[in-house]
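Subject: Structure for your reading, with notes

Dear colleague,

Please find the structure below, followed by an account of what was found in it.

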Amino acid sequence: MNARIAKVLGLVLALALVLSGCNLIEVDADMQADEDIAKLDKLFSKVVATYDGGEVTADEVMGEFSSAYNQTYYMYQYYFGQTMTADDVHGLMEDAINEHVRSEIAAAHFDETMELTEEELNEVERLAQEEYDEINDSVLSSAEGDSDKAKAANARVLLKQNGMTYDSLYDYQLRTAKVEKLEQSLRDAVTEVSDEELQAAYEAQVSENEDSYTDGSSFESDMTGESAIVCWMPEGYRTVKHILLMPEDELKTAYTDAVSALEDAQSDLDDLQAELDALNDDDATEEQRSAEEIEADIAAAEETVAAAQSTVEAAERACLNNVKDKTTEIYARLEAGEDFADLIAEYGEDPGMQNEPTASRGYYVSAASVNWEVNFRDAAMSLENVGDYTLEPVVSGSGVHIIRYESDVTAGPVALDEVRDALYEQTLTEKQEANVTDTIDAWVEAANPVVDVEAFEAAYTGEE
């Protein structure tokens, strides 16, 4: 397999099968394109899957594979800086064939009891035409040829190579519409969750949360999101809200740069201290520097840390001074008894304090939190009583904060009644999706599909 498929490890639209149409002369352009497409028709007629009641050819799968290939190719390049291996391509082929077989079998079941409306059929046609026009324009703009006629002829060949003809796109949209309507009917068949199912879902969610919320990071992320249903709370948390004020951008940047420089300087000092400590280890080697040399570097590093700390403090003062008029007003109004929430709405510049769920919940913070900047976290945890707020504004890379201690968080399982509605909807959705998957899986299994990836490879690489 690897030797045969190695030559296709490039952009799909740059493929060159065993065809002669890449540099057509104008007079023969259409004729040569017709000949090349006829060759492709023969190659792509290979049967790549069979099942009880039907068979699938390479031609039918080519467009779905090409789309998956291009998407995966760019993902590998963009995110990983890598190209796909032959095994990766083989896996994409197998997945494309299996998915096509599955959709054909599902569409056949759809045809037994359901049908698309005229409006739905019109939408299928519209989507197919829209997709074809977009792809055709893209391919035409990059096709080779000395004239528009030659480019158009080459574009026809390229579209055929990649399974992107109008007919193939229409068939795909038609099948997709049928399967989606069928899947929705299977969802609609499931309308309720029993008390026993809800209880089981609750217990599973409690267990899952307890297992995953070990370092706090996942918990804090879930509590700032809209969709997560949290059924277990870790120890040591409280909720806080804050009024965030934004200093001028250059002052914020100067502060974050200063903090970064301080962290780097402190890291260097820590490394030197570790090097000094290692002199007393049994594994000490002759290559290690002397204590005197290391101590001299430590002294210099301590001076760098002290200078960096001074820079941070100066940058912090600049941020505070920049918003001092606002903080003075806010503290005066708080002392006069005005509501903290009203002041958030009037002054606050954190979208999280305006948008749910954090507008109502606040932020979840503990002494061990890693999702919050240290200054924010430590200030939030220094407040002694619910209702207390920081008497001095706090600077972080996000801006200047006035933080209020909102509530204590009770550790352990959350009562089912508190999450019942959301958990019911989630469980119902999961049950509906399971009905879709299980039903179609059973149909596919009963149809006894047999997939021949090697036949698809042969068609794709131009082998007779």
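Two strands are said to pair if DSSP finds at least two bridges between them. Helices (H or I, at least four residues) and strands (E, at least two) are DSSP runs, numbered from the N terminus.

This is a predicted model, in which local features need pLDDT of at least 70 and side-chain atom pairs count only at pLDDT 80 or more, while totals for chains, interfaces and linings use all residues. Residues are numbered from 1 along each chain as its sequence is written, and side-chain values use heavy atoms, with hydrogens and water left out.

The overall picture

The protein has 17 helices and nine strands. Its radius of gyration is 32 Å, well over the 23 Å that the globule rule gives for 464 residues, so the protein is more spread out than a compact globule. Here the radius is taken over C-alpha atoms, and the globule rule is 2.2 Å times the number of residues to the power 0.38. Along the principal axes, the C-alpha atoms fill a box of roughly 80 × 65 × 55 Å.

Strand 1 (residues 47-51) and strand 2 form a hairpin with two residues between them. In the turn, G53 has a positive phi of about 100 degrees.

Contact means heavy atoms within 4.5 Å. For the angles, axes are lines fitted to C-alpha atoms (for helices, over the stretch in contact), and angles run from 0 to 180 degrees between N-to-C directions.

A second open sheet has four strands in the order 5-4-7-6, with antiparallel pairing. Strand 5 (363-365) and strand 6 (394-396) stand at the edges with a single partner strand each, so one side of each is left without a neighbour in the sheet. Neighbouring strands are turned against each other by 50 degrees on average, direction ignored.

Strand 4 (residues 238-245) pairs with strand 7 over eight bridges, and L244 stands opposite H401 in strand 7. Strand 6 pairs with strand 7 (residues 399-408) over three bridges, and a hairpin joins the two through two residues. Within this pair, V400 in strand 7 is the bridge partner of V395, and H401 stands opposite V394.

How the helices pack

Two packed helices are described by the angle between their axes and the distance between the axes.

Which angle do helix 5 and helix 7 make where they cross? The axes of helix 5 (residues 118-142) and helix 7 (residues 166-188) cross at roughly 140 degrees and come within 9 Å. That makes helix 5 oblique to helix 7; angles under 35 degrees count as roughly parallel, over 145 as roughly antiparallel, 65 to 115 as roughly perpendicular and the rest as oblique. The crossing is right-handed (the near helix is turned clockwise from the far one by less than a right angle; if anticlockwise, a crossing is left-handed). Among the residues in contact are L121 and Y132 of helix 5 and Y170 and L174 of helix 7. The contact has 11 nonpolar, two polar and four charged residues. Ala, Val, Leu, Ile, Met, Phe, Trp, Tyr, Cys and Pro count as nonpolar, Asp, Glu, Lys and Arg as charged, and the others, Gly among them, as polar.

Helix 7 also meets helix 16 (residues 416-446): their axes come within 8 Å and cross at roughly 125 degrees. That makes helix 7 oblique to helix 16, and this crossing too is right-handed. The residues in contact include L186 of helix 7 and W443 of helix 16.

Helix 4 (residues 86-113) crosses helix 16 at roughly 100 degrees, with the axes within 9 Å. The two helices are therefore roughly perpendicular to each other. R102, I105, A106 and H109 in helix 4 meet T437, I440, D441, W443 and V444 in helix 16, and this contact divides into five nonpolar, two polar and two charged residues.

With kind regards
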